There are 2 protein chains.
Amino acid sequence: MDNAEQKSPQRRRTSARATVTIRDVARHAGVSVATVSRALRGSDLVHPATRERVDAAIEELRFTPSQLGRSLAERRHAANGIVFPDLSGPYYADVVLGYEEVAATLGRSVLILSTHNRESADEMVLELAGRVDGLAVFGRTVHDDVVAEIVQRGVPVVLMARTEIEGADSVRTENVAAAASVVEHLLADGHRRMSFVGDPSDSTDVAERWAGFRGALAQSGAEVPERTIPAGFKEDDGARVAADLVADGLPDVVVCANDELALGLSVALAEQGVQVPGDVAVTGWDDVMAARYAGLTTVRQPMREMGGRAARMLDARISGDRSEPRHDVLTTQLVVRHSCGPHPKEAHR
Amino acid sequence: MDNAEQKSPQRRRTSARATVTIRDVARHAGVSVATVSRALRGSDLVHPATRERVDAAIEELRFTPSQLGRSLAERRHAANGIVFPDLSGPYYADVVLGYEEVAATLGRSVLILSTHNRESADEMVLELAGRVDGLAVFGRTVHDDVVAEIVQRGVPVVLMARTEIEGADSVRTENVAAAASVVEHLLADGHRRMSFVGDPSDSTDVAERWAGFRGALAQSGAEVPERTIPAGFKEDDGARVAADLVADGLPDVVVCANDELALGLSVALAEQGVQVPGDVAVTGWDDVMAARYAGLTTVRQPMREMGGRAARMLDARISGDRSEPRHDVLTTQLVVRHSCGPHPKEAHR
DNA sequence: CCGGTTAATGTAACCGGTACCAAAGGAGAT
DNA sequence: ATCTCCTTTGGTACCGGTTACATTAACCGG
């Protein structure tokens with residue numbers, strides 16, 4: 001016993017930053033570390049009087065249990081990760097919001113990682129996977145084999161807005177039918193020649209929207225464009241497209257892969273003297289806040305719910321759910337505003 | 001030696017999820033754990049041939065070092081936290097974006113926590129503080145004494161958009177002069193009776209904007225309202241204010257504490273037949289994307305840079321910088337748009 | 001052929017918790 | 001008074017890495 005005290009030669013305790021450990025508390029309270037641990041966890045195997053002594057020691061030493069030690073012993077991180085291509089724009093923020101909200105409620109911290117277009121993205125994601133109990137991955141941020149590797153390592157993964165991968169849950173929004181409803185609405189308004197702006201190879205979502213767009217046009221007998229007008233997701237990309245459109249001749253409608261694109265396009269068109277919706281109708285996708293103020297016709301997606309659902313799915317897997325992977329599809333909603341032209345309501349009802 | 005093998009009775013290894021540890025690798029490569037560790041860290045104290053054997057073993061066993069074990073041994077988390085009142089709205093997302101971008105570059109993971117208005121916010125933040133090497137705290141999300149506690153615990157803290165606290169760095173944006181410039185611009189346009197919407201007790205920023213607003217009005221000799229029209233930060237809050245304004249009589253200008261408020265207010269006014277800027281001018285703050293499309297006069301703040309700077313400050317502290325706390329103030333910029341009335345440029349130039 | 005270096009590796013003690021198992025002590029039963 | 005049984009507590013082996021220190025082997029000049 002005396003020896004034990006000798007062994008830990010208590011460095012100058014003047015006021016140095018000596019992190020307080022559970023052993024310090026135990027010594028101070030005159031009990032064993034096991035008892036302190038039990039008191040911490042609220043076990044009922046501790047005598048009230050003892051618990052009081054321990055609590056007093058904790059208070060006095062200002063002890064805070066190390067999350068690291070705890071996690072290592074419990075073999076769990078109590079944290080989930082979420083991976084994004086990019087956090088800019090209003091779209092992703094909502095997903096994170098929903099995710100964080102639910103995760104926090106479930107007692108899990110949230111680690112975020114935005115891959116931008118860094119080459120090191122794959123490594124960063126793998127590293128992240130080693131710090132969490134579960135991982136939500138948005139879109140095509142990482143290669144399929146990286147996701148497979150993580151799944152294979154035993155870390156639950158849920159994919160968001162991305163094609164399914166063996167062994168992982170997924171949540172996405174409905175695109176095909178929504179695209180069709182956009183087209184149908186436009187057709188009913190008398191529009192015929194439609195272009196689609198966006199790059200289907202960029203994301204599963206865009207690919208599906210393009211497919212739905214083509215399908216609906218084909219079914220109606222209207223002219224189906226052979227290819228999309230390729231573009232990214234930013235306002236700048238929209239502006240660039242505007243120039244080409246004016247040069248090449250305007251269609252009746254430009255259906256855009258997202259709102260930022262559509263908004264950038266509209267502004268650029270206006271600057272070149274093209275009236276929206278007078279000369280050309282424009283639609284977007286996402287229903288971001290700016291779309292409301294710009295009067296943009298668009299498709300609303302429940303981004304926040306998507307995040308929340310991803311967090312819940314992960315929680316279930318981490319908690320031991322071993323059922324077949326789930327693949328949820330959230331419904332979307334056409335929001336008609338001014339940018340697709342005055343709707344002749346009388347014409348169809 | 002034979003005994004050692006007995007001791008770890010290798011559970012069914014059919015295909016079970018037996019996490020591979022550094023000791024497995026060591027055994028497999030026929031070296032000690034120290035050597036494996038050295039090989040992992042890229043120490044030059046490992047013979048090339050040995051390194052090769054170790055690498056082969058790592059590859060074969062698909063070994064990934066546990067971040068937990070590593071962090072515990074190294075006594076660092078390699079992660080930073082960022083705390084928000086709420087992640088909704090375009091404003092915070094930008095800060096997180098800037099923060100994450102820089103933190104990732106510096107090799108630190110990012111943990112986010114949104115306190116919403118949960119009662120347990122304080123505990124959650126304290127818990128978070130135990131998982132990170134440094135913490136960025138936005139606005140009045142947590143009480144001063146909680147921040148002080150964290151600082152005192154030795155965790156570097158940087159405050160964003162919040163009054164300074166002993167021992168912590170801070171970054172904020174300039175408010176007083178910006179508010180004055182808004183007022184001056186409006187006065188130059190001939191406006192006189194101005195109201196301010198927002199709750200100064202809500203945030204340091206709002207308090208400073210209100211102060212700058214009053215100061216500039218007082219200096220010009222114009223009438224200074226005694227109190228603000230209290231409101232939160234959401235579009236709904238703006239809509240509620242609109243009703244009161246119409247009932248009580250309109251001023252010439254309504255200066256709002258942020259853009260969402262201003263936008264919600266404008267729409268609600270329009271619905272009640274009040275023209276903006278014809279009957280009343282409206283200004284906001286933040287310059288969110290929707291403000292551009294709504295033509296809202298506002299003040300632009302470098303949110304992204306604020307986040308980035310916070311991340312860099314934290315990094316310096318974590319890396320051992322012991323200099324006096326820094327308090328950075330970022331400059332803001334008045335953005336004049338349609339909502340404050342046609343600017344009679346000729347009048348003053 | 002030998003003491004002194006230097007390179008390469010092994011041993012084991014941490015890091016800060018959790019939890020299994022054994023042990024001590026008191027109450028109640030016989 | 002003795003024997004169970006139950007409550008409470010202590011000792012200690014983990015969790016999975018890092019690293020100080022010891023050890024061994026090879027190489028050097030004299």
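In this predicted model, strand E2 (109-114) of chain A is joined by three bridges to strand E2 (residues 109-114) of chain B. The two strands run antiparallel. Strands are counted as pairing if DSSP finds at least two bridges between them. Helices (H or I, at least four residues) and strands (E, at least two) are DSSP runs, numbered from the N terminus. Within this pairing, A:Ile112 has B:Val110 as its bridge partner.

Contact between the two chains, defined as heavy atoms within 4.5 Å, involves 50 residues of chain A and 50 residues of chain B. The buried area is about 4400 Å². This is the accessible area (1.4 Å probe) that two parts lose on being put together, summed over both. Carbon and sulfur atoms give 57% of it.

The interface of chain A and chain B holds four salt bridges (a side-chain nitrogen of Lys or Arg within 4 Å of a carboxyl oxygen of Asp or Glu). A:Arg292 and B:Glu235 form a salt bridge through their side chains, at 2.3 Å from N to O.

Several elements of chain A give two or more residues to the side that touches chain B, among them helix H6 (90-105), helix H12 (259-271) and helix H13 (289-294). H6(A) gives the most, with seven residues. By class, this side of chain A has 20 nonpolar, 15 polar and 15 charged residues. Ala, Val, Leu, Ile, Met, Phe, Trp, Tyr, Cys and Pro count as nonpolar, Asp, Glu, Lys and Arg as charged, and the others, Gly among them, as polar.

DNA strand C is surrounded by 30 residues, each with a heavy atom within 4 Å of it. The closest are A:Ile22, A:Arg23, A:Ser37, B:Ser32 and B:Thr50. Of the DNA atoms within 4 Å of the protein, 61% belong to sugar or phosphate.

Residues are numbered from 1 along each chain as its sequence is written, and chains are lettered from A and ligands numbered from 1 in the order in which they are written. Local features need pLDDT of at least 70, side-chain atom pairs count only at pLDDT 80 or more, and totals for chains, interfaces and linings use all residues; side-chain values use heavy atoms, with hydrogens and water left out.
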